[in-house]
Structure formats: C-alpha cells, structure tokens
Amino acid sequence: MESFIRHLKHGVIDENPTFVQVLGMCPTLAVTTSAVNGLGMGLSVLVVLTLSNLLISLVRKVVPDKIRIPAFIVIIATLVTVIDMILQALFYDTLYQSLGLYIPLIVVNCIILGQAEAYASKHGPLDAAVDGFSMGLGFTLALTALGAVRELLGSGTLFGFTILPNAFPKILMMLMAPGGFFVLGILMALFNFIRNRKDKDSHRAESGKEAF
Amino acid sequence: MSESKALLKEDSVLRPALILFAICSIAGLILGLAHMVTQKPIESKIDSVNKAALEEVLPEGTDGLKEIEVADGANDGQPILIDQVFQAKGGWAVKVTGKGYASDPIELAVGIDDQGTVTGLSVIRSSESPGLGSHASDPSFRQQYVGKSADQDLVVTKTGASADNEIDAITAATRTTNGVTAAVNRVFAYYRQYLKEGQ
C-alpha cells in the first residue's frame, strides 16, 4: 500500500508526464479546450497506459532488445484499435462522439511508448500496471486543469456549467492554439515553482534535524 | 537439421525477425476477432443515431419513412448536392454534408415539410474544433434554420440577423457556419428542383 502511494506521488507530482516530463504535447494542446474533453482524453490514456504497461511487462522476457520498439508499437496499436472498436460498439451515440477523434491519437502518444520503454520493459506486471495507472492519473489531472482554465477564460463555463456572468469578457483565443500554449506554460511554471519550493522546504527541515 | 538450429540461435538475425512475425500475427488475429465481434453492434449503433436524427428533423416523425432515390442528374455537378433523401408523412428529410473547418465533412440531416419550410436541422457527425465550431450542434444555433423558407437561399451574417433569410454566424467559427449554411442551401436547391409539388 505504501509503495502504491509512493507510485502515485511519483506519477502525479515528481514525474508528472505533462508538467515535468513534458510528454504527449500534441493531444495535450489539441484536446484541452474544455475540462470535460481534458478529463475524457486523460481517462482514455489512463486505461490504455495501464493495460499497455501490463501487457508489455508480461512479454518483456520474450521480446529481444533489437526489436523491442516495433514490438511495443504493434502491441500498443492493437490495444488502442480494439478499445476503439469496443467504444464504438458500446458508446457510439454518447461518449464516442466527443472522444472518437482522440482515441486513435493515443497510439502516437509518446507517454505510452515512453513508459513502456522506461518502466514496463524492466519491471514486473503488477508494478508496471501501477506505474501506468499513476502516470495516467498525473496526465488526467494535468489535462483537466488545463482544460478547466481554458474553458473558464474562453467560454465562461466549467464542465459545461456557466460560471462567469455574461458581461465578463470571454477570451476566445484561450480556445485556440495560442491559448493552449499560454496556459500550458503558465501552469507548468506554477507547478514547478511550488514543487521546487516544497523540495527546498523538506531539505531545510532535514538539515535542520541533523544540526540538532 | 543443424542448420535450422543455427538460425534460431541467440545471436542470429532470424530469431528477432521470427518473434516479431509471431507478435504481428497474434495482433492481426486479435484485431480480426475484435472486428468480427464489434462490427454488427457498431452498425446498429450508427443506424440508430441516423434514425434519431431523421426523427428529430421530420415534421411528423418517422411514420411511413422510406428512402427515395436521389433524382438523376442531381449529383452530376460538383460539389455533391445531397447524399440521401427520405420521405415520410408531411415532408422530407435530406442527408447532406457540409465542408467546415475540419478536414472531415459535417454530416447533417435537414427536414423540410410539404410547404417548403425547414422543420429541423440535426448534426449527425462533425469533427469541428471543440469549443468553437462544435457549437454548430447547439440547439440555439440549429434553431435558427427552423422555419426558414426553401424559396430563398440563406446568407450568413456577422452583425446580427435582421432579414428573414439571414443566419447569425457562430463566433470564431465562420467557416463552420458557412459550411452548414451552404449545405442547407443545396438542400433548398434540390427541394425547389425535385421535391416541390408539381415537379
């Protein structure tokens, strides 16, 4: 349990895929025009990443080093395609209408291949799945935050509910590409500022203890 | 015998190639199976989405709904005028595609009653930018088309619709609005030429 929490902290804060590793920027910037879209994309990646890490960890001993990249890509692409088909069969009229466009993009999301290469190919299935889950969670939280800020400033709503009064000027640019870059940059700076300060605080606390 | 064993040795080129071949074969098999299982449900889902769109735009529901042939020659010129025509009690539903901002076209269903008045517009499928062009699916935008007469082509305005045949553009999504409006105008042209009484 303790290691699970450590894993979570690792994925959400220390190695956050969006704000620290800066991976998967294409879907991050393209999808986050609303909080719901960010959440949906994040959750899709969370599911795919958990499953792909698990699968790749299971086959890691069979796959020789030389062909690991093509083998991983085939496995990930197959997984995503199957998930896409299942989503269409079950939710074509609801969820798929908004997420359908992004599911195929997950194949080329470098977080998935990055985690397969850096973690899943070197660790056991359980650890790999937990790692995938926490990285996916970090990605989901980052995308939802990004989407929420852009939606609030761009359309005056949050998760579809009107928050800002109509008189409040809406910054349409927030919904377009430049707004995505601005908000991402600002959130990234904030995130790392707080993270660094926390790190320093805990360092100071530790060295303080030693002095006593 | 000894030769084939040599091929499968640890450092042989063939070994990784064969393993990759095996992985790809299994992946292909899984994909084929998944396709077989999901094909029918996906088709029926798409059908029900289309049917719901027709139901929504037709004046008196889908009673006696039947597809009628697109008139000969209607689709000869570019761009393709319309995709499908359905006839039901009291009017028609026409499926048509418009070119918006995204590379994928916007699929629409437009309902027209036998007086030539638009009874509904439904967006069946669109890949327009979320938060911008995706507002084309909002009822407040689609409602603008309802009640318009097919006798007159619609025009898009950015300064607030004042005339009968004007449509307010969606903010920051002029091309989406233009695409939808042009598609509706093509339905109008088809109606005037082929569906209107006495034609």
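Which residues in α4(A) meet which residues in α2(B)? Let's start there, with a quick word on ground rules before the answer.

This is a predicted model, so to speak: local features need pLDDT of at least 70, side-chain atom pairs count only at pLDDT 80 or more, and totals for chains, interfaces and linings use all residues. Residues are numbered from 1 along each chain as its sequence is written, and chains are lettered from A and ligands numbered from 1 in the order in which they are written.

Okay, the answer. On the α4(A) side you have A:P70, A:A71, A:V74, A:I75, A:T78, A:T81, A:V82, A:M85, A:I86, A:Q88 and A:A89. Facing them in α2(B) are B:L20, B:I23, B:C24, B:A27, B:I30, B:L31, B:A34, B:H35, B:T38, B:P41, B:I42 and B:K45. Contact here means C-beta atoms, placed from the backbone, within 7 Å. Nonpolar is Ala, Val, Leu, Ile, Met, Phe, Trp, Tyr, Cys and Pro; charged is Asp, Glu, Lys and Arg; the others, Gly among them, are polar.

How do the two helices sit? The axes of α4(A), residues 68-91, and α2(B), residues 14-57, come within 8 Å and cross at roughly 10°. That makes α4(A) roughly parallel to α2(B), a label for angles under 35 degrees. Axes are lines fitted to C-alpha atoms over the stretch in contact, with angles from 0 to 180 degrees between N-to-C directions.

Zooming out, 24 residues of chain B are in contact with 26 of chain A. Chain B's side of that has 16 nonpolar, 6 polar and 2 charged residues.

Now chain A by itself. There are 8 helices and 2 strands; those are DSSP runs, H or I of at least four residues and E of at least two, numbered from the N terminus. Of its 212 residues, 38% are buried, that is, 20 or more other C-beta atoms, placed from the backbone, lie within 10 Å of their own. Look at α7(A), residues 125-155: 26 of its 31 residues are buried. This helix reaches 43 Å, close to the 45 Å expected at 1.5 Å a residue, counting one less than its number of residues.

Last stop, chain B. Strands β4(B) and β5(B) run antiparallel, joined by 6 bridges; pairing takes at least two by DSSP. They form a hairpin with 4 residues between them, and B:G116 in the turn has a positive phi of about 85°. B:E107 stands opposite B:R125.

Definitions and conventions:
A residue is buried if 20 or more other C-beta atoms lie within 10 Å of its own, exposed if 12 or fewer, and partly exposed in between; C-beta atoms are placed from the backbone. Two residues are in contact if their C-beta atoms, placed from the backbone, lie within 7 Å. Angles under 35 degrees count as roughly parallel, over 145 as roughly antiparallel, 65 to 115 as roughly perpendicular and the rest as oblique.
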